[in-house]
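Please have the sequence and the model open side by side as you read.

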Amino acid sequence: MSLAPHAPTAPSVVSALRSPRLLTREVLAGVVTALALIPEAISFSVVAGVDPAVGLFSSVVIAVVISIVGGRPAMISAAAGSVALVIAPLVRDHGVAYLVPAVVLGGVFQLVLGFLGVARLMRFIPRSVNVAFVNALAILIFTAQLPNLFGDDVPLVVWPLTALGVGIIVAFPFLTKAVPAPLIAVVVVTAITMVFGVAVPTVGDEGALPTALPGFGGITVPLTLETLQIVAPYAFGVAIVGLIETLLTAQLVDSLTETRSSAWRESWGQGIANIASAFFGGTGGCAMIGQTVINVKTAGARTRVSTFAAGASVLVLTIVLHDLVAQIPMAALTAVMLMVCVATFDWHSVRPRTLGRMPLGETAVMVITVVVVVATDNLATGVLVGVVVAALVFARRAAHVVSVVREPVDEHTVRYRVRGALFFASSNDLVTRFSYAEDPERVIVDMSDAHVFDASTVAALDGVEQRYARHGSSVEVVNLNTGSVALHGRLTGRLG
């Protein structure tokens, strides 16, 4: 949903600091959001194949940095599942040492793309690809949880604990929404395992949790062409996937708050946040839809203060409660992630009624995008393939909209009315739409209901004139609109 150019901007940090009531609301919103952010940050660390501390510190750094340089106030950016899925194969195949250069390069890509104005290209990503993106993301997050349920060393008690966590997340909002349901699920399941001494895999088994502030690190692998070849594909995936999810989330917040944001600033701001995260030992991230909705819609946040407070709260809670966090069962986090999948997936898009109404081409684009993402484990590849397929589907559909109608005027003249958008796909067979041998010596091609978009169409019109010339007839192209006249005049001399 696009907003009018005069849409208001979000309240500033200065206005929040001047109002104790507004400041309190923003800080509390950040704290509540942090409580919902911690379980997912740990879960996404496991998905990425890194220690929980990596995801937690990444969330802290990204949230704090983006609260300063980002273009969408009140939006929550942190270690996200989409980025974790991109870097997981890199960590698995090459080791965690390659994580920092990959995320740094991904941030550089985002800086470049942001300054090049890539945010404007979002309008070229059709809704079918956007829907497929979130659906594929949900599927990949779901499949990443299967080892926690079906692994060789997973005890059977994990199943009822996971089911309990899912039940709490589903039911608790009916009692109150003041406290995030995922947090309650994690607390209850953790309490049960600790009180009754249930032996199950825990967060502490996945890696050491932090006990102090992170140090400023750097790149430890050799800066060689081989390293670049290894990390570049993953870095590009981090950049593209992160920007897509971030800009989609920013559009959602713009709609919820009826304010406008700077997509350009948010794009390069994400790059700075990811670079900072990498050098502090964190992984990459982007905007998080679920936590953003909690911050903006549930808690009522509107300024950058809430985003900063969320990052700072994650840091404080992690360092102060690290021993307790280490006791969280993986079953609790699996329950959280399963419900993230349910919330992320666009169920409306797969309803029989919806599929029956959608054009076959758009359904095919959505299915192809999802299949490519799942088959390659790469969200960026799926989106790029989806955009290309969508463009081909559109070109094919637009090509069939063009019509050429023959209207005899008198015994010496015939008029052809051309209607539609003329470009390479629709104009290639334009020369076959005329009756060259049967027409009289004067032919009028009326373009009042058509538009010339490219050189292929100019060449096609020249081809029509040349064929008629061979039959002794003259052609007059009339009623070209201003843009078509300019293009035709510029190219005719070269293509004639």
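1. Where is the place of Ser-349? In this predicted model, look in the loop between α15 (330-344) and α16 (352-357), where Ser-349 is found.

2. Is Ser-349 buried or exposed? Its relative accessible area is 3%, and buried means under 20%, so Ser-349 counts as buried.

3. Now for the partners of Ser-349. Its side chain makes a polar contact of 3.1 Å with the side chain of Asn-135. The side chain of Ser-349 also reaches the backbone oxygen of Asp-346, at 2.5 Å. Setting aside neighbours within four places in sequence, Ser-349 is in contact with Val-131, Asn-135, Thr-354, Leu-355 and Met-366.

4. Next, please turn to helix α2, residues 20-48. With 29 residues at 1.5 Å a residue, α2 should span 42 Å, and its end C-alpha atoms lie 40 Å apart, which agrees. Along the way, α2 bends by about 30 degrees at Leu-37, and Pro-39 follows within four residues. Just after α2 comes Gly-49, with a positive phi of about 85 degrees.

5. Finally, the largest pocket, which holds about 1,600 Å³ of space. It is lined by 46 residues, and the closest to its centre are Ile-289, Gly-290, Val-293, Ala-343 and Thr-344. Elements that give two or more residues to this lining include α2, α6 (127-150), α10 (225-257), α12 (289-298) and α15.

Notes:
Residues are numbered from 1 along each chain as its sequence is written. This is a predicted model: local features need pLDDT of at least 70, side-chain atom pairs count only at pLDDT 80 or more; totals for chains, interfaces and linings use all residues. Side-chain values use heavy atoms; hydrogens and water are left out. The expected span of a helix is 1.5 Å times one less than its number of residues. The bend at a residue is the angle between axes fitted to the seven residues ending there and the seven starting there. Buried means under 20% relative accessible area, exposed over 50%, partly exposed in between (1.4 Å probe, protein chains only). A polar contact is a pair of N or O atoms within 3.5 Å; within protein, one must be able to donate a hydrogen and the other to accept it, and residues adjacent in sequence count only if both atoms are side-chain atoms. Contact means heavy atoms within 4.5 Å. On a 1 Å grid over the protein atoms alone, a cavity is a set of points where a 1.4 Å probe fits but cannot get out, and a pocket is an open set with protein on both sides within 12 Å along at least five of seven lines; lining residues have an atom within 4 Å of a point. Grid points are joined across faces, edges and corners, and a volume is the space filled by probe spheres set on the points.
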